[in-house]
Amino acid sequence: MQLLIELLRSTIMAATPVLLAALGGTYTFYSNIFNIAMEGMMLIGAFMAVLGSYLFGSWVIGLLFGLAGGILAALIFIIFAVYLKTDEFVTGIAINMLALGGTTYLLRQIFDVKGAFMSPEIVAIPTWKIPLLHDIPVLGKLISGYPFIVYVALLAALLVQFHVYKTRFGLRIRATGEDARTVDSVGVNSSSVKSISIFYSGILCGLAGVFLSLGYVNLFAENMSNGRGWIALAVIILIQGRPLGILLMSLVFGFFEGLGLTLQGTAIPSQFTQMVPYLATLVALYFYSREKQTGVEVEEVEAV
Amino acid sequence: MVNAKLNRPDIELIKISSLVKIYPPATLAVDQVDLTIKEGEIHSIIGENGAGKSTLMKALYGLIPYNSGKIYLRGKEINFGSPKEAVRAGIGMVHQEFMLIPSYTVLENVILGVEPTGYFGVLNKRKARERVEKLVEEYNLNLNLNARIEDISVAARQKVEILKLLYKDVDILILDEPTAVLTPQEIEELFSRLKRLKAMEKTIIFISHKLDEVLELSDTITVMRKGKKVTTMVNENLTKSELARAMVGREVVFTVKKDEARPGDEVLRINNLTYTDRYKQERLKGINFNIRKGEIVGLAGVEGNGQFELVNCIMGLIDDYQGEILINGVRIDNLSILERRKLMAYLPQDRKDTGSAQDLSLISNSIMTHHRINPGLTGRWEALLDPGASRELTGQIIDKFNVLIPGIDAPISSLSGGNQQKVIVGREFMLNTDFVLLDQPTRGLDVGSIEFIQKEIIRKRDSGVGILLISADLDELFNLSDRLLIIYQGRIVAEVDPAEVDKEEVGEYMLGAKGVAS
């Protein structure tokens with residue numbers, strides 16, 4: 001029982017950064033921007049969060065720093081990809097490399113360490129004990145006491161769903177993704193819509209980074225985003241952007257990452273256990289695309 | 001004929017004075033044009049391609065800046081920086097290319113950009129629906145607001161474009177060649193709708209180069225030629241030839257003269273051609289017909305009823321069809337595209353992508369296909385082309401087909417549409433095959449080029465070549481065809497003699513109202 005609860009808790013913890021990044025990527029998915037920079041946005045966010053928290057001794061400042069980091073990366077993306085019209089793929093790669101190289105460099109310059117920076121002076125994100133529920137034996141353990149960003153992420157999934165499908169901005173963002181010229185023709189500036197969508201993805205990826213370095217663990221390590229931005233991208237493409245589906249897929253990914261961590265206690269070499277979530281993603285992709293293909297055929301036949 | 005007198009005093013709604021638009025570096029597109037549009041009228045602007053009618057309207061609409069001149073709306077000078085400002089002032093334009101989001105519903109497309117919202121930008125679709133429904137009813141538009149754009153017809157999409165403008169309270173509508181994409185029945189419907197709009201006190205500016213339409217619809221007609229306004233006339237007792245003379249500057253033959261066809265041996269035969277695409281949709285269903293040497297067989301049909309697939313099957317771009325295609329009695333089903341090209345000339349409908357390579361020179365474009373199958377173009381080694389022979393062939397095409405060019409090494413994109421098409425027609429006709437496949441040979445060309453190309457097609461026929469002519473232009477099909485086939489949903493539903501039927505009847509076949517076994 002204890003083990004199961006631990007596994008479910010680690011599932012939710014591991015799912016959170018992927019979920020946040022993928023929700024950010026949802027905006028760029030709908031505005032038809034190939035946003036592979038989520039990895040970099042997250043990493044910059046994670047580094048800045050540790051920097052802010054350590055320097056000022058406050059998780060609030062850490063949070064703000066982290067968000068600012070994500071936004072900074074988003075602004076670079078906007079300037080190049082939207083206004084200078086550089087290739088989105090190349091721009092994204094550049095941001096990711098800049099993020100990896102830049103944070104590693106600054107880690108050594110500012111903190112004078114290699115690999116990872118840990119300190120008791122890094123103030124972590126506070127956890128939230130849900131009143132009343134927290135004291136219920138199993139349930140309380142399961143749903144209470146996470147860093148508060150976990151709850152923010154769950155709420156964000158609902159909000160993004162609502163934002164994209166029920167609001168004016170949502171209507172415009174999806175239209176922009178489908179045909180930007182038409183959007184321009186009705187007097188809406190499609191470049192602004194795209195910029196805003198990248199901006200939102202920057203904020204959410206930054207938040208994912210904050211959670212990584214101040215919630216999931218309490219340190220900054222080189223390349224600590226460790227492919228989660230890519231996993232988020234895979235999730236978005238897999239789910240075709242529906243936020244609630246993304247929530248589900250992130251949990252699946254989180255489960256396998258948690259499983260991988262749990263298996264580390266066993267005799268299986270850690271290199272293999274670390275592969276588990278990524279293998280699971282591949283398997284999911286395989287089944288999903290097979291499902292989709294047969295699904296399409298059935299639909300077409302019915303249409304005749 | 002609509003010649004209803006305006007029941008209002010003639011109020012000058014829009015006044016354009018001495019407008020000049022120069023496209024850099026030095027193309028005078030609109031030259032000192034004065035134009036007055038009166039309130040509540042249907043005012044047509046006609047002219048050949050490149051006459052400046054669309055440019056003039058784009059300048060009015062704020063899509064492009066103009067160099068000099070003034071525009072007044074209700075006596076006040078205006079100069080819109082963007083279409084958005086024009087729409088706010090009550091002027092809306094429906095472009096030839098529709099601006100609609102395919103996956104969105106009619107309602108969503110109508111409100112995009114001017115969405116009614118409640119708190120936090122939440123869409124208020126109910127409020128939007130009420131207003132849009134009222135407009136649909138008021139103007140008798142007959143649209144399902146919940147239908148997705150990708151599922152509705154071109155004519156319905158056009159209605160959505162008009163609805164979009166009505167929703168924005170526009171009272172001056174500019175329509176840029178709206179009938180180009182419609183069937184005869186749909187054109188009738190559009191005209192009665194425009195007349196209704198006029199009755200509801202809207203002013204309509206109608207751009208066209210089709211004389212019959214303009215005569216049927218307009219109160220006033222302005223003719224433009226080469227950037228200048230030729231004349232503005234009230235549509236009373238005007239004749240088609242008067243208009244045409246004003247438009248082209250010379251007498252025009254509308255019906256290219258042709259003698260009785262003298263069909264010879266069979267050149268093309270299609271037996272039971274059936275094609276199912278990869279989405280398991282049956283696009284062609286048991287097509288049977290033949291073409292003999294020395295005749296033009298026209299194929300009429302609303303776009304998307306299998307013409308595209310039929311062309312691709314004949315050309316070999318689709319090779320997984322069932323049935324037989326024979327040329328001169330020999331099956332070609334297993335031949336490659338190149339081998340088929342030795343047997344047939346092909347004019348693709350899309351001039352810019354399939355018909356030519358826009359960035360390449362006139363020479364390169366002239367020798368395409370020839371370079372693979374004409375031994376005269378290669379020297380001693382087959383892999384090397386003979387530049388001298390290439391130039392010579394290009395020169396022949398230019399002479400024979402009257403192509404106006406800036407220079408033989410210029411890219412083909414520097415030629416006007418009509419001249420580009422002449423190059424492509426010339427290239428294909430010079431292949432000297434017994435069978436020619438023409439897919440929309442004159443679409444989007446000016447009256448002069450159309451006349452020239454149609455004459456060449458008839459001359460080709462008279463030289464004993466069998467021609468399959470696919471066209472969306474019923475006038476063209478009636479002018480040129482010796483026999484007319486009508487395709488509907490992948491089936492040939494009728495074969496008629498164009499001398500014995502009228503357009504309405506063909507139109508009914510095209511829409512499936514007639515001739516389909518249920």
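I looked up contacts (heavy atoms within 4.5 Å) in chain B of this predicted model, and among those between residues at least 6 apart in sequence, 67% join residues at least 24 apart. I noted that local features need pLDDT of at least 70 and side-chain atom pairs pLDDT 80 or more, while totals for chains, interfaces and linings use all residues. Residues are numbered from 1 along each chain as its sequence is written, chains are lettered from A and ligands numbered from 1 in the order in which they are written, and side-chain values use heavy atoms, with hydrogens and water left out.

I then checked burial: 53% of the 518 residues in chain B are buried, meaning under 20% relative accessible area with a 1.4 Å probe, protein chains only.

For secondary structure I found 17 helices and 20 strands in chain B, these being DSSP runs (helices H or I, at least four residues; strands E, at least two) numbered from the N terminus.

Next I followed an open sheet of six strands in chain B, with mixed pairing and the order β6-β7-β8-β3-β9-β10, where two strands pair if DSSP finds at least two bridges between them. The edges are β6 (91-94) and β10 (228-234) of chain B, each with a single partner strand, so one side of each has no neighbour in the sheet.

How values were computed
Buried < 20%, exposed > 50% of the residue type's maximum accessible area, 1.4 Å probe, protein only.
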